[in-house]
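The stops below are meant to be selected in turn.

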Amino acid sequence: MAETILVVDDDLQAVKLIGLILQRKGYRVTPATSGAQALARAETEQPDLIILDVMMPDMDGLEVCRRLRANPKTSGIPILMFTAKTAVADKIAGFQAGADDYLTKPVHPAELISRVEALLQRAARLKAEATARVQAATIGFLGVKGGVGTSTVALNTAVVLAQGAGHLPPAVRTPPPDFRYPRVVLADLAPHGGLACLLRLSQALGLPNVLAYPPQELDPPTIEKYLTRHVSGLRMLLAPYTPRPVVLSAAHIRTLARHLASLGDYVLFEMGHTLDDGARALLGELRYLVLVMEPTSLALVHARELISVLSQLGWVAQQLGLVVVNRAVSGIAPTRRQIEEALSIEPIGFISPAPELAHQAADQGVPIVMLQPDGLLAEQFRELARRLVALTR
């Protein structure tokens with residue numbers, strides 16, 4: 001069966017011309033003349049490739065590209081940007097939005113066909129590789145706002161999963177001799193880092209080394225070389241803690257996520273608290289997203305807005321979970337029922353206030369669940385891990 005290519009351009013004559021070139025080579029062409037129409041047809045028809053014009057009214061091609069990448073149903077479709085803009089900055093913007101390749105108008109038919117064939121062959125190869133291996137449960141941790149403990153939640157949940165507690169009943173603390181410990185990877189993709197700071201690590205931070213490679217030159221063995229091994233069995237891709245944000249391109253993020261999925265049973269991502277282009281690119285690679293928030297009225301407002309944006313990007317309540325972090329004792333905090341009613345999402349974890357323990361853990365560079373394994377917080381993280389295992393099977 002011929003591959004289907006969705007051609008998106010507000011200029012109907014351009015759509016017809018590109019369509020004619022593609023049809024002569026045996027491709028099936030589906031047209032779209034607006035961004036909204038393109039998003040709808042991409043989801044319903046699942047084309048093998050999208051040729052996307054940048055300069056369109058109402059919704060430009062960059063925004064269409066971001067939304068396609070953020071929607072799990074369309075995130076893997078190859079996108080070829082097609083525009084009259086020739087500046088390097090314009091091309092970079094296209095790649096950051098999630099495009100796989102970039103062509104400028106006018107283009108020779110032979111070059112168009114060559115680029116199309118190359119993208120389709122690459123997509124077929126990646127699809128075959130993904131089918132041949134067992135994909136990890138990919139889970140993102142996104143703060144509703146800054147300073148809510150997203151790094152702490154991601155780190156301690158990852159350690160508990162690596163220790164096997166997510167697969168054990170609550171009453172069982174010691175795995176049986178034949179227990180297979182899950183392979184767990186934690187990647188710090190937050191703009192300012194943070195996990196290395198919690199662990200008091202200033203060396204063996206692999207993310208800068210990985211980013212030195214062009215996305216097309218990365219593969220799982222290369223990435224694995226730069227993973228830091230923790231005594232818990234957890235492997236981590238760490239970023240330096242810096243006041244200046246580390247900017248990852250959408251192409252790097254998607255490539256990292258797909259290769260990391262072949263290196264573990266569970267891959268967790270610390271995403272920070274900003275739904276920028278990089279975070280939106282990662283959304284398309286996730287199976288489940290954890291929103292971390294404080295139990296305050298202001299946090300509920302932020303969470304409601306964030307959930308609304310995620311809903312517009314194609315995420316549904318079944319793919320979202322709330323973890324509520326009580327950083328201080330408060331008698332006016334909203335209850336579990338009030339949070340669930342306000343956000344229409346069931347919380348999957350509650351972390352009790354323990355500022356002294358959190359400070360001690362950070363000061364010693366030891367995760368809370370290892371510093372005080374028999375404490376209340378450790379049990380709460382184990383329960384969270386059990387919920388995530390059940391939700392991502």
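**Before selecting anything**

This is a predicted model, in which local features need pLDDT of at least 70 and side-chain atom pairs count only at pLDDT 80 or more, while totals for chains, interfaces and linings use all residues. Residues are numbered from 1 along each chain as its sequence is written, and side-chain values use heavy atoms, with hydrogens and water left out. Helices (H or I, at least four residues) and strands (E, at least two) are DSSP runs numbered from the N terminus.

**Stop 1: the five-stranded sheet**

Select strands E1 to E5. They form an open sheet in the order E2-E1-E3-E4-E5, with parallel pairing; two strands pair if DSSP finds at least two bridges between them. Strand E2 (28-32) and strand E5 (101-104) are the edges, and each has a single partner strand, so one side of each has no neighbour in the sheet. On average, neighbouring strands here are turned by 20° against each other, direction ignored. (Axes are lines fitted to C-alpha atoms, for helices over the stretch in contact, and angles run from 0 to 180 degrees between N-to-C directions.)

Zoom in on strand E4 (residues 79-83), which runs parallel to E5 and is joined to it by four bridges. Met81 has Tyr102 in E5 as its bridge partner.

Helix H1 (residues 12-24) lies across strand E1 (4-8), E2, strand E3 (49-53) and E4, at about 170° to E2. Helix H2 (residues 35-45) lies across E1, E2 and E3, and runs at about 145° to E2.

**Stop 2: Gln46**

Select Gln46, in the loop between H2 and E3. Its phi is near 50°, a positive value in a residue other than glycine. Buried, exposed or partly exposed? Gln46 counts as partly exposed because its relative accessibility is 38%; buried means under 20% relative accessible area, exposed over 50%, and partly exposed in between (1.4 Å probe, protein chains only).

**Stop 3: H3 against H4**

Two packed helices are described by the angle between their axes and the distance between the axes. Helix H3 (residues 61-70) and helix H4 (residues 88-97) pack at about 20°, with axes 8 Å apart. To see where they meet, show Leu62, Cys65, Arg66 and Arg69 of H3 with Ala93, Gly94 and Ala97 of H4; contact means heavy atoms within 4.5 Å.

**Stop 4: a cis peptide bond**

Move to Pro106, in the loop between E5 and helix H5 (109-132). The peptide bond between Lys105 and Pro106 is cis, with omega about -10°.

**Stop 5: helix H6**

Select helix H6 (residues 150-162), where twelve of the 13 residues are buried. Among them are Val153, Leu155, Asn156 and Leu161. Just after H6, Gly164 has a positive phi of about 90°.

**Stop 6: the eight-stranded sheet**

Select strands E6 to E13. This open sheet has the order E8-E9-E7-E10-E6-E11-E12-E13, with mixed pairing. Strand E8 (228-229) and strand E13 (347-351) are its edges, each with a single partner strand, so one side of each is left without a neighbour in the sheet.

Inside the sheet, strand E7 (residues 184-188) and strand E10 (residues 266-270) run parallel and are joined by five bridges. Asp188 stands opposite Glu270 in E10. Helix H12 packs on the sheet, touching strand E6 (137-143), E11 and strand E12 (320-325), and its direction makes about 160° with that of E11. Helix H16 (residues 376-391) also packs on the sheet, where it touches E6, E10, E11, E12 and E13; its direction makes about 165° with that of E13.

Val324 has Phe350 in E13 as its bridge partner. Four of the five residues of E13 are buried, so the strand is largely enclosed by the rest of the structure.

**Stop 7**

Ser344 sits in the loop between helix H13 (336-343) and E13. Ser344 has a positive phi of about 60° although it is not a glycine, and counts as exposed at 58% relative accessibility.

Finish at Glu294, in the loop between strand E11 (288-293) and helix H12 (297-312). At 15% relative accessibility, Glu294 counts as buried. The side chains of Glu294 and Lys145 are joined by a polar contact of 3.4 Å. (A polar contact is a pair of N or O atoms within 3.5 Å; within protein, one must be able to donate a hydrogen and the other to accept it, and residues adjacent in sequence count only if both atoms are side-chain atoms.) Not counting residues up to four places away in sequence, Glu294 touches several residues, including Val148, Ala299, Val324 and Arg327.
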